[in-house]
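Here is a short tour of how the parts of this model meet. Keep the structure open beside you as you read.

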Amino acid sequence: MNNLIRHTSWVVLAIFLSSCSAKNISSSYYFEHQDQVEKIEESYKAIYKRSPFTLAFADKQFRIVTLDILTDSMSYIYEFEVDEPRLNDTLLKYHLPVTGVNTLIHDMLAIHCTWVNNFDYYVDEKKRSTIFLSIKPTVSHPFLSDKRYYILTFFNQPQYFDEQGRLVDKRKAKRIRKINGEIFHRITDKVCYTVSSQFR
Amino acid sequence: MIQRIFLIFLLSCSFYSALFADGKIEQPLVTSTREEAIQYVDNIKSLAPSVFWPKVKPDLFLQNLKLNVHDPLSIYPGRATNFCGYGALTYLMLQDDPLGYAKLLVQLYTDGKAQFGKVNFNPSDAIRAAAGGLRFKGVLDIHPAEQMWFLCLADHFKGYLNFFNNRYDPGDENTFWASVNFAKFNRMVRKLLNYDVNARGSDMIRPSVGNTYDYITEKLKTGTVVLFENNRILHKKKLEKIKLAIPTHFIVLQSLSKKDDKITMVYWDYGGRTSLELDSDFLKRIIFGISHCTKKGINE
């Protein structure tokens, strides 16, 4: 009977600990994968300047990629298999660099980056932009938590944080700036992270 | 348990109300042209700050109103909000009665309340305090007229999804407070616009219309079609095998065409047109509601 209680306690403790660990893992994730993550962010930003687009993986096996191409008059949504020739035809049609986008897709695949996207926001009515990267970590996620995606944001300007490292609206204003309903935490002055149940 | 039973009851009510959604014709509204609306808004050179809307900047409000009237495609319900139903309704309103829309928003801004047809908008203090201050919603951040209007619509029209959260608190634009179910959407169109609405489908069960592509194509010939669809399949947010089969998003269909086995759907949502390629099965799978809107008096 005592053994049963002891074993049950260990199981409960393990579940409890695993359900608390997501944020600890994600805070170090950026530094462990900094080169890969920054490469994705930089190449996406460079291609986006030429022609706005978004990339996402649509399946758990990371075989299907969704490409959103944004033009002045219309957004186009396509789904392709990774390395499918049809993808290259579409990239050419919209003047997107074939090698650049394919390399980006494989770089994303390598770290299970599910989504890369540019997001516009406004400060004092001036347009700013930030890049979102969502990652589905390969480590097992906490048992009791539905927060399964690390989301990194790359700002162009240094941001303001409170004493707990949470992203806030302005230097003096202490209003926490939530993006998609999530609180973001400081990694550097320009890079923040959160852990979310959704990758976008 | 009681809450669950009550929720099931409400869902059933919604299902049947949507199934038999051919409602009575409201008092006809006088509709207008875009030219009249443009003339009206362009004649407004400036607005004084409104005591009712402390966070709404007059110049931005006017700029936003002019943009909506000149370019109805620009209506943007905001990132991560539940305003898509109100966005689709506003897009329809700008086709049906753009002058009415412009006058209504100016009246709401200057008087803090307004009447449109039989509907009296008298927004709560919480709404008045919030409008103009929503942030990180994309271009909605600098569109105070749309913020004000979407918040007023959500504050005024209630459906069963709003039952457990029917009073606005900051951040509720992303929650069930702002949600629009299918029957509520059709009710709003009937009350505010000079349209007859023929609605097929529900919040839970897909419409039984035979061939979905043929049905929608036929309806597009005689009116405007709004689709209530499952956006979680279209824009996946989670990489999971099991996905909830429920609709989450309203879009205004612009065209539907078929080449070989591929269907191309062009629709309005989020401030512009989107073109999507999909097959027939996928089309059937994502659509839960079809609202066919025709001008009153010229219905089939």
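This is a predicted model: local features need pLDDT of at least 70, side-chain atom pairs count only at pLDDT 80 or more; totals for chains, interfaces and linings use all residues.

## Strands that pair across the chains

Two strands pair if DSSP finds at least two bridges between them. With that in mind, look at β3(A) and at strand β7 of chain B, residues 272-279: these two pair in the parallel sense, over four bridges.

## Where chain A meets chain B

The contact between the chains takes 23 residues from chain A and 18 residues from chain B. On the chain A side, at least two residues each come from β3 (74-81), β4 (113-123) and β9 (178-179). The largest share of that side belongs to β3(A), with five residues.

What kinds of residue make up the side of chain A that touches chain B? They divide into nine nonpolar, six polar and eight charged.

## Two domains in chain B

Now turn to chain B, which is divided into domain 1 (25-187) and domain 2 (195-295). The C-alpha centres of these two domains of chain B lie 24 Å apart. Their contact takes 19 residues from domain 1 of chain B and 23 residues from domain 2 of chain B.

On the domain 1 side, the elements that give two or more residues are α4 (84-96) and α8 (182-192) of chain B. Of the elements on that side, α4(B) gives the most, with seven residues. The residues of the side of domain 1 of chain B that touches domain 2 of chain B divide into 13 nonpolar, five polar and one charged.

## The nonpolar cores

In soluble globular proteins, nonpolar side chains tend to be buried together. Which residues touch the most other members of the largest nonpolar core here? They are B:Ala88, B:Leu92, B:Leu105, B:Met148 and B:Val189, in a core of 76 residues. This core draws at least three residues from each of domain 1 and domain 2 of chain B.

Leaving out residues up to four places away in sequence, B:Val189 touches B:Leu89, B:Leu92, B:Tyr195, B:Val197, B:Ser291 and B:Cys293.

Conventions
Residues are numbered from 1 along each chain as its sequence is written. Chains are lettered from A and ligands numbered from 1 in the order in which they are written. Two residues are in contact if their C-beta atoms, placed from the backbone, lie within 7 Å. Ala, Val, Leu, Ile, Met, Phe, Trp, Tyr, Cys and Pro count as nonpolar, Asp, Glu, Lys and Arg as charged, and the others, Gly among them, as polar. Domain bounds come from an automatic or database domain assignment. A nonpolar core is a set of buried Ala, Val, Leu, Ile, Met, Phe, Trp, Tyr and Cys residues joined through C-beta atoms within 7 Å. A residue is buried if 20 or more other C-beta atoms lie within 10 Å of its own, exposed if 12 or fewer, and partly exposed in between; C-beta atoms are placed from the backbone.
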